[in-house]
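Me: I would like to go through this protein with you slowly, one question at a time. Could you show it first?

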Amino acid sequence: MAEKRDYYEVLGVSKEATPEEIKKAYRKKAIEFHPDKNPGDKEAEEKFKEAAEAYDVLSNPDKKARYDRFGHAGMSGAAGGGFSGGGFSMDDIFANFGDIFGGRFGGGFGGFSGFGGFGGSGSQRRVPRGSDIRIRVKLTLSEIVHGVEKKVKINKAVSCPDCHGRGAVSEADIKICDHCHGTGMVTKVTQTILGQMQSSSPCPYCGGEGKKITNPCRKCGGSGLVKSAEEISFKIPAGVAEGMQLTVQGKGNAARSGGISGDLLVVIEEENNTELQRDGNDLIYSLFISVPDAITGCDAEIPAVDGKLRIKIEPGTQPGKVLRLRGKGVPDLNGYGTGDLLVYVQVWIPKKLDKSEKEMMEKMKVSPTFRPNPDKDDRNLFDRIKKMFG
């Protein structure tokens, strides 16, 4: 499977591009690769979809922010976000983005009018879309490191089982709207100093649906939708972080009139780990050892993501020393390696001593061995800690 191209590269814009520049770049790409201009050209069709996918993300401030932070992996739970490499059909692309060309696409692929833009009479009705559902999911550190499949049960709008989503008792009870003649749109012509200006808007008599129900379904009241509980499974990739939002496409509320279902938006929460602290992809553990162990060295047991690890403390270990266990941290969400487990060694100084212990300490005080004699590395301890954690 080919690796997804960077969305900014697809549209040929920089990360600092304004919304208008992004919109203009998408329009240019869509005109270049539109199916009417490239009949039978599968490569052009894929580039047309690719440009629409990029525009779907970069034109949405929330999606753009997630993409800038996490890349393609941040756009979904198991696959990409937005169109997810083909989650929408060509008709969906036309219905959702056709209006940026100053008019809607014609039926099918037939609204292309040369190089000046996309034409169409404005009669193509928009495909309705259901609303998104946002939930929060708590993950343990182990689930974050290894990835996990979650199941949630949510109440959502689904197609009415009695009328199969049509909203009417029977097909005969659905009539074409007399005002828009089934298009869902009405056209208004205004005279200006520049001549006649034509604009289209959803029909106020049918709500833009192009039809009217004369005998509504009793179960859904004519909406075609009812509430129902549904169990949904989705995969969460390894390396996600607090506050990240993943998209499970098509698992939100259903739309009226058989339209496109909304998405399930999964917001990540990290459960607090009492022993290991996360810092990006690194994990940090504070290890306390006694003064004798710091002087003579010892073996110590420390917590890790999957159980315990034993490490060796060398004789003469100084307080503040950091031991790095490579690859024992959190995997990078985009596949760029794995973080480390950093063990911050702290020497425990007792606050109270008995008589014999005090006498022992007094003897040590006069011993030349215990007189401070720091070398260059000891003096640069602050710089090393700052570099390690800063």
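This is a predicted model: local features need pLDDT of at least 70, side-chain atom pairs count only at pLDDT 80 or more; totals for chains, interfaces and linings use all residues.

Me: Which helix gives the most residues to the lining of the largest pocket?
Reply: The largest pocket is lined by 26 residues, and Val291, Ile295, Val347, Ile349 and Phe370 are those that lie nearest its centre. Two or more lining residues come from each of helix H7 (291-296), strand E15 (341-348) and helix H8 (355-365). Among the elements that contribute, the one that gives the most, with five residues, is H8.

Me: What is the volume of the largest pocket?
Reply: The lining of this pocket can be described by class, with 16 nonpolar, six polar and four charged residues. The space that belongs to the largest pocket comes to a volume of about 1000 Å³.

Me: How many nonpolar residues does the lining of the largest cavity have?
Reply: The structure holds two cavities of 30 Å³ or more, and the largest cavity has about 40 Å³ of space. Its lining includes Gly165, Arg166, Glu209, Lys211, Ile213 and Arg256. By class, this lining has six polar and four charged residues, while the number of nonpolar residues is one.

Me: Are helices H3 and H4 roughly parallel or roughly perpendicular?
Reply: Helix H3 (residues 42-58) packs against helix H4 (residues 61-70) with the axes 6 Å apart and at an angle of about 100°. Angles from 65 to 115 degrees count as roughly perpendicular, and therefore H3 and H4 are described as roughly perpendicular.

Me: Which residues of H4 make the contact with H3?
Reply: The residues of this contact divide into three nonpolar and three charged, with no polar residue. On the side of H3 the contact is made by Asp56, Val57 and Leu58, and on the side of H4 by Lys63, Lys64 and Tyr67.

Me: Which residue in E9 stands opposite valine 137?
Reply: Strand E1 and strand E9 (residues 264-270) run parallel and are joined by seven bridges. Looking across from valine 137 to E9, the residue that stands opposite is isoleucine 268.

Conventions:
Residues are numbered from 1 along each chain as its sequence is written. Side-chain values use heavy atoms; hydrogens and water are left out. On a 1 Å grid over the protein atoms alone, a cavity is a set of points where a 1.4 Å probe fits but cannot get out, and a pocket is an open set with protein on both sides within 12 Å along at least five of seven lines; lining residues have an atom within 4 Å of a point. Grid points are joined across faces, edges and corners, and a volume is the space filled by probe spheres set on the points. Helices (H or I, at least four residues) and strands (E, at least two) are DSSP runs, numbered from the N terminus. Ala, Val, Leu, Ile, Met, Phe, Trp, Tyr, Cys and Pro count as nonpolar, Asp, Glu, Lys and Arg as charged, and the others, Gly among them, as polar. Axes are lines fitted to C-alpha atoms, for helices over the stretch in contact, and angles run from 0 to 180 degrees between N-to-C directions. Angles under 35 degrees count as roughly parallel, over 145 as roughly antiparallel, 65 to 115 as roughly perpendicular and the rest as oblique. Contact means heavy atoms within 4.5 Å. Two strands pair if DSSP finds at least two bridges between them.
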